[in-house]
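Let's take a look at the aromatic side chains together. Please have the sequence and the coordinates open as you read.

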Amino acid sequence: VVLFVAALAVLHIPQPFAQDQATFTWGGKALTEGAVLYRDFWDMKQPGIYWWYEASGRLFGFDSIGIRWMDLCWAVVVAPILWAATRPRGELAAVLAACLSFGAFYAKTSYFDLSQVEWLIGGPLAVVLWSLGSERPANDTQGTSWRYALVGVMVTVIALFKVMEALVPLSMAAVAMAHSRWRHGYSWRLLAREQAVPIFLGLVLSAFPIALWMLLDGTLWGALWTAFVYPPEALREYQRHPFIQLLWGLSWYCKGNLWLAPWAIWAAYQGVRRARRLELLCLAWGLSAALIISMQLLSYWEYHFDLLFMPLGVLAALGFCDVLERLKQDGSVLLRRCAIAAMAVSVIASIGFPLIRKTEQFARAIPFSPERVRAFQEQVDDRLAVYRASAETVQRLSKPTDRIVVWGDQRIYLIVEREPVLQVNGNTRFLARQLDEAVEYIRKTKPPLIYMGNGRDDLTLHGGGVLPKVVEELYTPCYEDREGTWYQLRSTRP
């Protein structure tokens, strides 16, 4: 299992960054240099993803290759946890659960989906599945409380990455407690003592020292404001309900995964019908994740559906094993062979063919020289070649120590080898008053270059268009391509 998952991750090491990963990378690097999130720079994300990229960069380097190596390490740790969570249902179920979960994701994913919050929190959720999946009768609960305390810790970890996604482990915990109550006859007092209280204590005892550290570090109040105050204000100001984008993301997820869906649906049906704990936990995972995806009204990006790959893989594995067991009891060898053939077709269609294409892409990047990787990445996303064409101009018109503003694709910072003006994050949705503050900072510091990307009117014109106004007032165009325009401060022109 570990070797298979590691091979899947290795296939994606040369994949380029997308805009989000580039933002997290320069943010993580800024943290290593002493910057403070929500004070020196702001993003609408919770702090966990920046801490993850900070750790990734420290270990492997602040570039796409370094972050992908961290992805590989994460995958080879999480896969055995997923295996252990489903091991009580048999070796075949355990192996298939891990392989289908990771196989479905890596077969489907593009560079845009890698290293995103929604996939990374699958690790803590796998721990939650393992912790809650063990069934014990009411007269044999000794030594189980620590597992529920661990669930509370995982709730804290997930909330640090995205607060609303803490709903997923909490819904799984609620299902586990309901199952213990009605399936195994736990009394309310036993349920509270052995499950609810340990979860609460695990959450509090893990959240308190982190909150205290954030308070001393100066990030706590900014994190709380970003998590709870900012979202409704942003929704009022931007008023985006891109349901077409939601349908597009759903179609992206379903394409290919439909081959695994019948097995997963069968497992979910049997889980509800027979009150099977593991199936019910995965069903709670999937349904609560779907609810969270639909709640993100400002944007319905396809990577939000990364939340659904693991429960799909586990349920598909359990459904297939259930069918095999039933056919074994019936003594039908032919039907068992048909079921195995059907699963083989599902795996080949949903995972096999896409991975063959990715293997061919991967081979083109070997031997991973900078030139080969660069050519490979530009083939994956030709915008990178456009940005690189502007690098000479940017480097000629600015000093290596200059900080510039990119109001657009954040990968440009890495390509032109210039540091960002931290206070002007060009990859987030500023409120109107925040945008006013960013514009005032531009007036005050006058960075030598500003890049304005095309196709971002909802961000650029927000707040009455104060950003393009200050650019027009203080800057003049110096380089233009199909993706956007570079502007140079007038006072610095020769």
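What follows is a short tour of ring pairs and of charges over rings.

This is a predicted model, and 29 aromatic pairs are counted in it. A pair of aromatic rings is described by the distance of the centres and the angle of the planes. Two of the pairs are set out below.

| Pair | Centre to centre | Angle between planes | Class |
|---|---|---|---|
| Phe41 and Tyr50 | 5.6 Å | 65° | edge-to-face |
| Trp130 and Trp146 | 5.7 Å | 55° | tilted |

Start with Phe41 and Tyr50, the edge-to-face pair. Phe41 has 1% relative accessibility and therefore counts as buried. Tyr50 is at 0% relative accessibility, so this residue counts as buried too.

Now turn to Trp130 and Trp146, whose rings are tilted at 55° between the planes. This pair links distant parts of the chain, with Trp130 in helix 7 (residues 122–133) and Trp146 in helix 8 (residues 145–161), 16 residues apart.

Trp130 has another neighbour to look at: Arg147 lies over the face of its ring, at 4.0 Å from the ring centre.

Key. Residues are numbered from 1 along each chain as its sequence is written. This is a predicted model: local features need pLDDT of at least 70, side-chain atom pairs count only at pLDDT 80 or more; totals for chains, interfaces and linings use all residues. Side-chain values use heavy atoms; hydrogens and water are left out. Rings of Phe, Tyr and Trp (its six-membered ring) pair if their centres lie within 6.5 Å; planes under 30 degrees apart count as stacked, over 60 as edge-to-face and the rest as tilted. Buried means under 20% relative accessible area, exposed over 50%, partly exposed in between (1.4 Å probe, protein chains only). Helices (H or I, at least four residues) and strands (E, at least two) are DSSP runs, numbered from the N terminus. A charge sits over a ring if NZ of Lys or CZ of Arg is within 6 Å of the ring centre and within 35 degrees of the ring normal.
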